[in-house]
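Colleague: I have the model open beside the sequence. Could you take me through it, starting with the metal site?

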Amino acid sequence: MMNAADNELLTRIGPGTPMGAMLREYWVPACRSAKLEADGAPERVRLFGENFVAFRATDGRVGFMQEACPHRCASLALARNEDNGLRCVFHGWKFSVEGKCVDAPTEPRQQRERFAESVPVRSHPTHEAGGLVWVYMGAQATPPRFPDYEFTALPEDHVQPYRGIIRTNWLQGLEALLDSTHVTFLHSANLMSERGRNYFKDESDYMLGDGAPAFEFDERPYGFREGAIREEGEERSYARVREVSLPFFSFIPSAPKGPRIVCCSIPIDDVTTAQWYIAYDTDEPLRPDLFGAFGMWSGDPDHFNADMGDAANLWHQDRQAMKDGHWSGITGRGNAYEDFAVQESMGAIVDRSQEYLGTCDRVIYRARQLLLEAVNRHRDTGVLSFAGDDIDYAGIRAVSFAYPREADWREIDAFDMQEAAE
Ligand code: FES
Ligand SMILES: [Fe+2]
C-alpha cells in the first residue's frame, strides 16, 4: 500500500513538481515525424501540462516552442510557417527553429533588431528518430545523450508509431504496460482469437495456460528485465522477458523474429497521457498500416483509440459478447482498448492507498520503489537515475522463448536467438 504523499510525488508532473522536473530530463516523443511538413501547419503538442507547437521549417529542421506567442499570447498554431520560421498572424513577429525572435515588424526600424533579440522565447531541442520527433524539456544547457534504442536506428518503413490518448495519469499508463499477469485474463479473448494467434503465435497457449507465472528480476542500469516464467512440460520452461527502460519505456516480449512492439507512457498533463505503441521490425519493412491490418485502431495514427468510448458508456462493453464467451466484452479493437478501458476505469489518478497488492504485483511494486528512489535522489542531489553514457540502449530487446529448466533465462541472449531462428 502506498501513502497519499508518495502517490502525489509519483503522479504530479506539472511545472515545479519534483517528478515533473525529473521526467523532463529525459528525451520524450512529442509527435510523429510524418505529421510535420516543411512550411506546413504547426502541430499543437501538449506535454507535462504545458502547450507547445512543433513545426518543420523550410529547410526540414524541426522547431518546438511555446504555443502562446511571446508577444501577447496568440496561438502559434495559427502562425504562418515560411522562410525558416513561424510568423505570428497577429502582429507578424517571427521565430526561428532555434527559438529566437528574428523579426518584430511592429517596432520602429532603428531598434527592431535589438528589440527582437530581447524577446524571451521558450523553445526546446528536438531530435528525429524512429518516425518520431523527440524533445528534451529539461533544465540542462546541453541535452543528455539520446537513447538510441534499436528502433530509432531503423529505416523509415521498418517503424510505425501509433499514439493512444488516455484520460489518466502517466503512471497508470506505465503500470498497465508493466503488468504481465493481466494478459491471461483481460486479453484472453484476443489471445484465443485468430488475430491474437496470428500475432502472438504459440505464445498465446503459454499465457492462457498459466495465470500465475513466477516473476524473476534482473536489475539493469536503465531499469530492469522481468522474466515471467511458466513451466512447459517436465523439463522446459518458457520465459517472457520484458525490458523496462525507466521511466517511460516497456518493451513487450515477442518471438525472436518478426514485428516487435515497444510502448511508452508520456505525460500530456496530470490526467492525460500519450501512450505510444511503436511497432518495428529489425529485418524487414513492416506491412503498411500494421494496426489497420489487425483491426486495432480507429484509423487515426495520432489518436488510434479515438473511438474507444469512455466511462459514461463503459467503453462500449458488450454484455452479450461476454455471455457468448468474450472475457472483457470490449470486443472491437484488440488488447490496447481493453488496457485503456481498465486504466481509465480506475479514475484519472488512482488512489494507491486504497489498493491491496498481491504476489502478481511484484513488478508494479518494484517499479514504484525505483521511481520513488529516483525522484527523491534527483530532487535532493540533482543526479539522474536510469541514465548514463555506458548504457547500451541499442542492446535492449524483449523476447519470449522456451529453454531447458536448469538454464537461467538471464544468460540467454536475445540477439543470438534471432540468429538461431534464421
Ligand atoms: S501576439 Fe504574436 S505578434 Fe503579437
Ligand atoms: Fe494489456
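This is a predicted model: local features need pLDDT of at least 70, side-chain atom pairs count only at pLDDT 80 or more; totals for chains, interfaces and linings use all residues.

Colleague: Which protein atoms are the donors of the iron ion?

Modeller: They are NE2 of H182, NE2 of H187 and two OD entries from D339, and they lie 2.0 to 2.4 Å from the iron ion (ligand 2).

Colleague: How are those donor residues spaced in sequence?

Modeller: The spacing is H-x4-H-x151-D. H187 sits in the loop between helix 5 (183-186) and helix 6 (188-192), while D339 belongs to helix 11 (residues 335-345), so this pair ties together parts that are 152 residues apart in sequence.

Colleague: Is H187 buried or exposed? And what about D339, buried or exposed?

Modeller: H187 counts as buried, at 3% relative accessibility. D339 is buried as well, with a relative accessible area of 10%.

Colleague: Staying with helix 11, how many of its residues are buried?

Modeller: Nine of its 11 residues are buried, so helix 11 is largely enclosed by the rest of the structure. The buried ones are N335, A336, Y337, E338, D339, F340, A341, Q343 and E344. Just after helix 11, G347 takes a positive phi of about 100°.

Colleague: Let me change topic. How many salt bridges are there?

Modeller: The count comes to 30. One of them joins the side chains of E67 and R44, at 2.8 Å from N to O. E67 lies in the loop between strand 4 (62-66) and strand 5 (80-81), and R44 in strand 2 (residues 43-47), so the pair ties together parts that are 23 residues apart in sequence.

Colleague: Are the two partners buried or exposed?

Modeller: E67 counts as buried at 11% relative accessibility, whereas R44 counts as exposed at 55%.

Colleague: Which residues are joined into one network by salt bridges that share partners?

Modeller: R80, E82, R87 and D103 are joined in that way. Within this group, the side chains of R87 and D103 meet at 3.0 Å, N to O. R87 is in strand 6 (residues 86-87) and D103 in strand 8 (residues 101-103), 16 residues apart. R87 counts as partly exposed at 21% relative accessibility, while D103 is buried at 19%.

Colleague: Why might nonpolar side chains be found buried together?

Modeller: In soluble globular proteins, nonpolar side chains tend to be buried together.

Colleague: What is W170 in contact with, leaving aside neighbours within four places in sequence?

Modeller: Its contacts are L10, T11, I13, M19, L23, P247, F248, S265, P267, T273 and L371.

Colleague: P267 is in that list. Where is it placed, and is it buried or exposed?

Modeller: P267 is in strand 16 (residues 260-269), and at 0% relative accessibility P267 counts as buried. Beyond its neighbours within four places in sequence, P267 is in contact with I13, L23, L47, F48, W170, F248 and T272. P267 and I13 are 254 residues apart in sequence, with their C-alpha atoms 7.5 Å apart in space.

Colleague: Last topic, helix 1. Which of its residues are buried, and what covers them?

Modeller: In helix 1 (residues 4-11) the buried residues are N7, L9, L10 and T11. Their cover includes helix 2 (18-23), helix 4 (170-178) and helix 12. At the start of helix 1, a side-chain oxygen of N3 reaches to within 3.1 Å of the backbone nitrogen of A5.

How values were computed
Residues are numbered from 1 along each chain as its sequence is written. Chains are lettered from A and ligands numbered from 1 in the order in which they are written. Side-chain values use heavy atoms; hydrogens and water are left out. Donors are N, O and S atoms within 2.8 Å of the metal (3.2 Å for Na, K and Ca); water is not among the atoms, so sites may look incomplete. Helices (H or I, at least four residues) and strands (E, at least two) are DSSP runs, numbered from the N terminus. Buried means under 20% relative accessible area, exposed over 50%, partly exposed in between (1.4 Å probe, protein chains only). A salt bridge is a side-chain nitrogen of Lys or Arg within 4 Å of a carboxyl oxygen of Asp or Glu. Contact means heavy atoms within 4.5 Å. A polar contact is a pair of N or O atoms within 3.5 Å; within protein, one must be able to donate a hydrogen and the other to accept it, and residues adjacent in sequence count only if both atoms are side-chain atoms.
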